[in-house]
Every structure is written in C-alpha cells, then in structure tokens.
Amino acid sequence: MNNHAIATTAGADSKLAAPTRLSLTWYRLKKKLRTPTPYLMVLGLTLWMVTWWLFSEVWKLPRFEKMPGPVVLLKDWLASEPFYGISFFTEIYYEHIWISTRRILIAFAIATGLGVPLGLFMGWSKKFKDYAFPILETLRPIPILAWVPLAILMFKGFEAPVIFLATLASLYVTTLNTLLGVESIDESYFRAAGCLGSKPRHVFFHIVVPGALPFIFTGLQISVGVAWFSLVAAEMVSGDYGLGYLIMQSYVNSVTVPLVIGMVTLGFVGWFTSALVRRAGNLMMQWRVRALALEGR
Amino acid sequence: MVSVGEISRPIAVARSRRSFLRRVLGRQEFWRGLLAIIVFLVLWEIGSRSKEWFGYTLPYVGLLPPPSDVAVAWSDVLMKWGYWESWYQSFRRVLTGFIAAQIIGIPFGLMLAVNRYFRDIFFPPFEVLRPIPPLAWVPASLIFWPTNEMSIAFVTFLGAFFTIVINVLGGARTIDVRYLRAAQSMGASQWDLFWRIVLPGTLPSIFTGAAVGMGITWEVVVAAEMISGGGTQGGGGLGFFIWNSYIGGSLPQIVVGMISIGIAGYLSSTVIRMIGHRAMPWRHLF
Amino acid sequence: MTQQAAAKMQDMSAQVHTARTTKGALSIRNVTKIYDPEGVNILAVDSCSMEVAPGEFCMIVGPSGCGKTTLLNAIAGFHSITSGEIFLDRKLLCGPGKPTAAQGADRIVVFQNGALFPWKTLAQNVAYGPMVQGVLSKRDALDKAHEMLAEAGLGEFGGKYPGEVSSGMARRAEIVRALINNPKVLLLDEPYRAMDGLTKSIMHEALLEVYDRTKVTIFFITHDLEEAIFLGDRVYVLTTRPCRLKKVVNVDIPRPRNYEVLSSEQFRLLVEETNDAVHEEAIKAFRLGERELA
C-alpha cells in the first residue's frame, strides 16, 4: 500500500508505477516467504500428521489403534476402488456431499430471506421490535435439536424436518445480527439524512440497509456454520443420505475410514461455504474493503 | 450564587434509586412483550386444538400439543424425581465439558495470541479442525473413548473449546497497543504486561466466548443425549427426557422438556453474564 | 445533461445570489432545555437568547459541556426544547406547542466526527440531497455534484469513498453536500476539532472562500478562540452549563480575510477580549468535572 501512496503523491515526475494485481500478489507472497510464518505452519501441520500417524498406525497406542491413521485414510480416499466404498472416485461420495449441501442452500436461502427483512424491520420500528423481540428471545434458548421430535411431528417425510431445523438455527442468528446491524448505525447518519430532506423510504434504503450490511454479513457467515451444525445433527439422528448420515452409518457398521473421510469432508465444505459468503460480502461492501486496505489490512 | 445546575444534583441522586421493579413495570416494552407472548400462546392453543374445536386440523400447528396440556404435564412431572435427575445429569455434563474447555482453552488462546511462534505452529491444525461440527465427532468419540460419558464429555468440550479460543484470540489481538506501550514506559516486565494488561484487556472477550460457548455446550449435550441414548449412568438427562417422551408418545412432555432446557440454558448464560459483570466493573460504571 | 436540467441549475444559482442576503435570520428567544434521562433533571440551557442576522457568520464559543451542541440540535430539529422559541426568517421552528423543530434542508448540519455516508462515494453523498428531495434526477444530481466538488478542489475524488480520503477532504465534501441544497443556515458543530493546525488552516480558508461566494448564514460552534475570531462576524460567548449568553464580541475585521489577519493588532485584541470572558467559564467547568453532553 505504501507503493501506491508514493506513486500518487510523487506527481508527474514519478517513474514508480503502482504494482498491478499479479505482481502485487507475487510481491506479497515473496515477502511472506521471507518470514518464518509459512514454514512454521508447514511444521505444525506436519507435526500433527506425523503424531497422528505414529499413534494410530505405527505404535498402535491403546485407544488410537481403533482410529485410522492418515496413511490408511489417504490410501482409501484416493483409491479408484476403495475398500470401504468411499473415495474421490466413487459417485456416492459426491451424492452425499451434494445432498447435504443442497439442504444447506435451501435452509440458508429461507433463513436469509426471512431473517434479514425481519431484522431490518425490527431495527426500523421500535413498536414492531417490542412485540417481536420477546418472542424470539424466549424461543431462542431452546436448543435446535430439542426441536427434533416436534419437527418430525409437524413435517411429513424426511427432508422437511431436517431443513426446518437448519433453517431455524440460521434464522435466529441472521435476525439477531441484522437487528444489531441496524442498531449499530451511528445516529449522526440518520440526522444527516434528515437534514438533507429524506423521506422515510429514503432513509430505509440509503441508510439502514447499507449501514447494517457489515453486521448482516458477519451474521450470514455464522449462520452458515450454525446451519451445518444443525443439519449434521439432524442427519445423524434420522437419515437416509448426506454427510451426517454417512458418518453415522459408518459408525453403526464399524467402518472407521469412511467415518473420518466424512468428517474431514464436512469440515472442508463447511469452511468453503463460509468463505463464499465472506467473498460475497466483500463484493457488496467495496467501500469497506478499500478503506480497510488503506489501513494495511 | 448557586446555579440551578448545582441544585439539581442531590435531587438527581435520590430519584435514581427508584425501585428496579417499578422501572421494569413502567416500561412500554415490557407490556408490549408480555402482550406478544400472550397472543402467541393463545394462537398456539387455538391452532393445536383445531381438530377438537373446528373438526379440521390446521397444518403444522394442528399437530402440536396445546399449551394447556403442556402446563398440566409439567405440573405432573415436577413431582417426579426422574425429572429433576435429568436436570442434574444435563447440568453435570454441561459443566464438565464447559469448565474443561475454559481451563484448557483460555490459556491456549492466550498463548496463541501472545507468542508468535506458538501461533504459527499450532493455529493451522486448530483452524483445520474447527469447521468440523462438534456433533460430527460423536461417532468417532464413541469409538475412541471407553465409556459413553467420556465420549459425551469430549464432544461437549470440543464445542466450547473452539469458541473460547477464537474469542480469546480475537480479544487479545484487539488490545490497543498503546496500553502495552504505556505500561512498558512505566517499567513493566513481560510478566506484568501479561497479568495486568493483556489478561484484563481480554476479559470481555473471554466472557463473550464463555457465554456463546455455553449456548453451544447445551446444544451439544442435548444432541449427544438424544443420539447416544442417555448414557450408562442413571437418568439420561434432559435430552434423553425429550427423546423418551417422543418414543413413549407423551407429546406434551416433549414440550415440557424443550422449555426446561431453554430455561436451563438461559440460567447458565445469565450466571456467566453476572459473573462477567462483577469481574469487569469498568464496563458499566458509567 | 439536458437543457431543462441546465436551466434548472442556472435558476438555482441565481436564487442563491439574490435571495441569499434576505434569508437565514435566526432568532433564539429565552430557550430553556431540561434533559430528563432516567428521572434525573439536568438543566442544559437556561433562558438563552440570541439574534443572528441573515448572512451572518456567527461563532458560538463556550467551555466543554455547556450546552452549545444542545442549542444546535434544537435548531436542527434533533432535540426538543422545554420552553422558549426559535424562529427562522420569522417562521416558528419550535416553541410552545411544537417543542421539536422539523428537520429540513433549510438548516443543514455538518457533524463533528463527519457524517458522510461511508457506503456512498463523495459524489453520491453530495448528490443525495437534491436526489431525495426530487429537485434533480439522479443523473443531473451526480453531474452537479461532480461540478461542485471540482469547484471545492475535490474534483478527482468524486469517485472515492469517504474511507479512502483524508479527514480534511471528507469534511470539505460534507460542506459541499450541505451547500448543494442551498440551505438558509449552515450549522457546524466543531467540525475541525479533530484536525491538526495545518489542515485546520486550509479548512478555514476553504470555508471563508465558500462563505464569500454564497453568503449563507453560518452557525459555527467551536472551542478555538482564534478560529472564532478569524472566521466569524460575531462571537457569542456562552456560560458554563446551564448556558446563557454571556457576551457578544463584534469582529470588525473586513472581508475577504486571509492568514495575515492572524498577526494583526486588531485580531490580537479581539482574542484577548473574548478570552477574558471564556476563561472564567472554563475554570468553572473544569471544577465541576463535567462530562460533555453529547
């Protein structure tokens, strides 16, 4: 960022060009490689893998021997004809991933579609908040999984209860964070808008919505995580497909390799969906990205 | 000449001691909230009795047990020892996992924040494991640990552990570097810096992490109880209570269980908030 | 830009020049404000009166927490008043029966910590007023915004976000955002408080240039006595909380003013005169240990 500042202030005589995106990335990478950080990272991960391997495969320590080590795991995961039936080459692996992901997408879409307007409206109208907030806060302490029996009673089939649970979990988070977002907007912005002759609808669309966006996106990231949490639990309790089901079935059939593959995949997909939301947020909030960049973040 | 501004001070002190109860009841928000909840209960009652009263079952709501039945079931169950034992079991599990997570997690988080080499080595494995939902660990945990109880404790621990570490890490890193520099210029040693600046400065995040972690712990305990069938020791806990009620077909009891857990979770979070309030007087004195 | 829009803008500029000197007279009469947070009475303003002539550059000085911002908030319509009246061009803004003034584009505030909308570019911020009032279409408003920003020396920054420009530039843009609406009164609440001396002097010159061009009534709150004398026509010194008008200092230095004024004899004498009045009040406020009323 320093280069950029120098380039703009140095005036017409400057021969320093602001680095373009590719060379900037390369520069940052080189700089990073000179610090001990990336090497320590590799060290940490390797240490972990090696310890795991030693404990479960080489030394076969009492409890650890029951778990598959990294070598066994990778052998199956990467094999075209895996012994336990799950690998990058089997179709069923992707089916499980897709089914879980699809449920998350539906739950997330419904929760966001309901939660964001709800939160915005609660922030906008004190009256509405006074009525709606207590109901929300009374229901929220009830853990999502405690809803499983009621969900099974209310919704027919299997997909609906599972999606309901994930949606409910996401809904709480999204609504609350949106509400917080609206309430976090500095009073001065509302006053400035008032001075400039805004009507209420202008304030809503030009101040409230953009002002709450940072909190909304933080909430959305958390809500994706929470949706996965609830989905997996629901799939484990009563399932037919999906990563949670895969894990549970592997447990029931005492095959640990697919179990761990399922867990690791879950971790990855969860992280990936969260990162997607964060990216979307950055795209929509250019003003923040640019301001933070100038601060060196 | 004494200005009006000065006279108003003693009056100010006396009036702010208006009783807490009067202040709560005097607020519009309280009455509106109460009204909303009453309307909610009434609608629920009507909806769930739709079959009896109108001969037509409303979708979703119509299949739920009515609040009046729930109240009756609750008063029945309050007398039974098993109910209170479930409370005890769940609380026991929650506290074990939660406290273990704090004891291990807070120092771990602080180390990550304070020592750069420690963070570079141990943070990556932590971050790789973090996205895996705690409940996904249940089967692995059941295989690994000898008893059901230990498996549940482990999973509970995991849920709260990841949360508290992330919160501590975030909190410690946002401590204004000027506080550290001010202390150093006054002759503080590394030890002093840690105990007098970093630790108090991280306290708010520790309590936030604890409150959120508590919520997650309850979720995990309930789920684990439902999945693993209640454990081998005595009563099964509130999660098992709910599952059992479902299997046994006593629907109102399901709701009793749900509300009970809600109350238990709310109480736990409140206790944490109160402790936090006490531990951080600087946050609310003005 | 269309013919109609160009004509409209010509019109508006013309209005500025002719109507300017007959509009923007503020009359504050015996205004009292009592705050009541949690049942505790705080008397913030106590029968304060002042008359501001149209086109006057008036400065309000007083110790911290004395209630100056409360007055500004009352004029702008952010707070109510407990008693008294405020008139703008002989029309009642607030008074008995109407404790809170309506917020409007005739009295625009420039805020202490800046209130440019962070999610809009400078140009979009400036264009906001005319756009929501329906005076100009979005396209025309943006064009006019770019034009006015260029006039203020911020031409190349129209497309930047407030987070990307310095606070000085942001503050100037905020003033442009206010002026594009041809307000009768510009209310400034210690706008340059957080700036260093060098930036401040540039801001002063920019503001003086704007004032000389538009002759809008300015109601400027500040702590800085030199700023007050340098910029203003009249300086109203207020007492510690609860505030009353203590003294009015007339600044007879001719316009246009530049930094050479700062070293003149007349300037020094005026600063001394004002300082004597303010200093007493400042000591009182310090003893009371007041926290500022926001």
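Here are some questions and answers on what sits behind the labels used for this predicted model.

Q: What makes strand E1 and strand E4 of chain C a pair?
A: Pairing takes at least two bridges between the strands. E1 (residues 26-35) and E4 (residues 83-88) of chain C have 5 bridges, in the antiparallel sense, so they count as paired. Leu26(C), for instance, has Leu88(C) in E4(C) as its bridge partner.

Q: How do you know that E1(C) also pairs with strand E2 of chain C?
A: The cut-off is again at least two bridges, and 7 bridges join E1(C) to E2 (residues 42-52). Therefore this counts as a pair too. The two strands run antiparallel, and Lys33(C) stands opposite Val45(C) in E2(C).

Q: What makes Phe219(C) stand out in the largest nonpolar core?
A: That core has 217 residues, and Phe219(C), Leu165(A) and Leu135(B) touch the most other members. Helix H10 (residues 200-237) of chain A gives the most to this core, with 18 residues.

Q: Which residues make up the side of chain C that touches chain A, by kind?
A: There are 22 residues of chain C in contact with 17 of chain A. The chain C side splits into 13 nonpolar, 7 polar and 2 charged.

Technical notes
Residues numbered from 1 in each chain as written. Chains lettered and ligands numbered in written order. Predicted model: local features only at pLDDT ≥ 70, side-chain atom pairs only at ≥ 80, totals over all residues. Contact = placed C-beta atoms within 7 Å. Nonpolar A, V, L, I, M, F, W, Y, C, P; charged D, E, K, R; others polar. Helix = DSSP H or I, 4+ residues; strand = E, 2+ residues; numbered from the N terminus. Core = buried A, V, L, I, M, F, W, Y, C linked by C-beta atoms within 7 Å. Buried ≥ 20, exposed ≤ 12 C-beta atoms within 10 Å, placed from the backbone.
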